[in-house]
Amino acid sequence: MTLLIAGLVLWTAAHFFKRVMPGLRASIGDRGKGLVAVLVIGSVVMMVFGYRAAPVDIVYDAPSWGRPVNNLMMLVAVLLLGMGSSKGRARSWLRHPMLTGLLIWAAAHILVNGDVASFVLFGGLAAWAVTSIFVINRHEGAWQRPEPGPASGDVRWLVISVVVFAVIAGIHTLVGPSPFGGG
């Protein structure tokens, strides 16, 4: 569990570096972006290995309806994550689509994983996302809604998001647990 928690701490520190120490971040220029990328990748590796090595201490059994609801929530989460990079009309709908997508992703995983390590991992990332929304809103002030792009951007966003969801579901099916049952 220590590795998992250390990964969460590193993830949070790497993502807040620019906001907490803007002068230092600016002074290291492009090297800073590379450093943050390495720290984020390292934190993900730590979280994955820490989560997989953590003891399975069950708090509750997932409800029977949890998997289909999880799958629907995951599709919405992937759509929102993709919306953050979209060039279409949808990008002007929400201020924080990627962080909102991460919140839905975390909630979906807590729904179907009733163990302590899942609460730590997914709850920790959800707490980071909520904190990030507040920090960004406070730092940047009122949201300037971007001009909606062309509808073709939305079509591209939807197609890419559905493909990404299918890839994620396929990987989960191969390495487990399957989001569709049987494992």
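**Close-up views of a predicted model**

Tyr51 is found in helix 3. This is a predicted model, in which local features need pLDDT of at least 70 and side-chain atom pairs count only at pLDDT 80 or more, while totals for chains, interfaces and linings use all residues. Residues are numbered from 1 along each chain as its sequence is written, and side-chain values use heavy atoms, leaving out hydrogens and water.

View A. Tyr51 is partly exposed, with a relative accessible area of 23% (buried means under 20%, exposed over 50%, partly exposed in between, using a 1.4 Å probe and protein chains only). Leaving aside neighbours within four places in sequence, Tyr51 is in contact (heavy atoms within 4.5 Å) with Leu4, Asn113, Asp115, Ala117, Ser118, Leu121 and Phe122. Lys87 is 36 residues from Tyr51 in sequence and 35 Å away in space, C-alpha to C-alpha.

**View B. Helix 3 from end to end.** Helices here are DSSP runs (H or I, at least four residues), numbered from the N terminus. The 25 residues of helix 3 (residues 29–53) should span 36 Å at 1.5 Å a residue, and the end C-alpha atoms are 36 Å apart, which agrees; the expected span is 1.5 Å times one less than the number of residues. Look for Gly32, Val36, Val40, Ser43, Met47 and Gly50, which are buried. Their cover includes helix 1 (2–20), helix 2 (22–27) and helix 6.

**View C. Helix 5 beside helix 6.** The axes of these two helices come within 9 Å and cross at roughly 160° (axes are lines fitted to C-alpha atoms over the stretch in contact, with angles from 0 to 180 degrees between N-to-C directions). Helix 5 and helix 6 are therefore roughly antiparallel, the word for angles over 145 degrees. Among the residues that meet are Leu99, Trp105 and Ile110 in helix 5, and Phe119, Trp128 and Ile136 in helix 6. The residues of this contact divide into 15 nonpolar, 4 polar and no charged (Ala, Val, Leu, Ile, Met, Phe, Trp, Tyr, Cys and Pro count as nonpolar, Asp, Glu, Lys and Arg as charged, and the others as polar).

**View D. The buried side of helix 5.** Buried residues in helix 5 include Pro97, Gly101, Ala108 and Leu111. What covers the buried residues of helix 5 includes helix 4 (66–83), helix 6 (116–140) and helix 7 (151–175).

**View E. Gly153 in helix 7.** Gly153 lies in helix 7 and, at 5% relative accessibility, counts as buried. Not counting residues up to four places away in sequence, Gly153 touches Ser86, Lys87 and Gly88.

Key. Angles under 35 degrees count as roughly parallel, over 145 as roughly antiparallel, 65 to 115 as roughly perpendicular and the rest as oblique.
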